[in-house]
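Colleague: Could you walk me through how this chain packs inside? I would like the cut-offs as we go.

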Amino acid sequence: MMAYKVERDNSTGAFGCHFSHNGHRYYARVKHVPLSWYTECTIYPEDILDMTWSKWNVPVTEEGLLSCIEEFVRMKEERA
């Protein structure tokens, strides 16, 4: 498992992290979805035009975010 620097947004309770994979940069964030009971992890590409990747009902914790990132990385490696 890679080392990630996770940051917490104290105003929203969300967790976020910048990371790289296969030479591309991404930003991952896990948060509560406004006006709902749901949570969401979203991964945005930072340096290429690509689709965002999302997963619902992820715990809004550092561990939930890291699990989401690892699942995203595994998916990318399987498609390569």
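This is a predicted model: local features need pLDDT of at least 70, side-chain atom pairs count only at pLDDT 80 or more; totals for chains, interfaces and linings use all residues.

Colleague: Which residues have the most contacts inside the largest nonpolar core?

Modeller: Residues are numbered from 1 along each chain as its sequence is written, and side-chain values use heavy atoms, without hydrogens and water. A nonpolar core joins buried Ala, Val, Leu, Ile, Met, Phe, Trp, Tyr and Cys through side-chain atoms within 4.5 Å, with buried meaning under 20% relative accessible area (1.4 Å probe, protein chains only). The largest one has 20 residues, and those with the most contacts inside it are Y4, F19, I43, L65, I69 and F72.

Colleague: Which element gives the largest share of this core?

Modeller: Helices (H or I, at least four residues) and strands (E, at least two) are DSSP runs, numbered from the N terminus. At least two core residues come from each of β2 (15-21), β3 (24-32), β4 (39-45) and α1 (62-79). The largest share, 7 residues, belongs to α1.

Colleague: Why does the pair of Y4 and F19 tie together parts of the chain?

Modeller: Aromatic rings of Phe, Tyr and Trp (its six-membered ring) pair if their centres lie within 6.5 Å, with planes under 30 degrees apart stacked, over 60 edge-to-face and the rest tilted. Y4 and F19 are edge-to-face, at 6.0 Å centre to centre and 90° between the planes. Y4 sits in the segment before β1 (7-8) and F19 in strand β2, so the pair joins parts that in sequence are 15 residues apart.

Notes
Buried means under 20% relative accessible area, exposed over 50%, partly exposed in between (1.4 Å probe, protein chains only).
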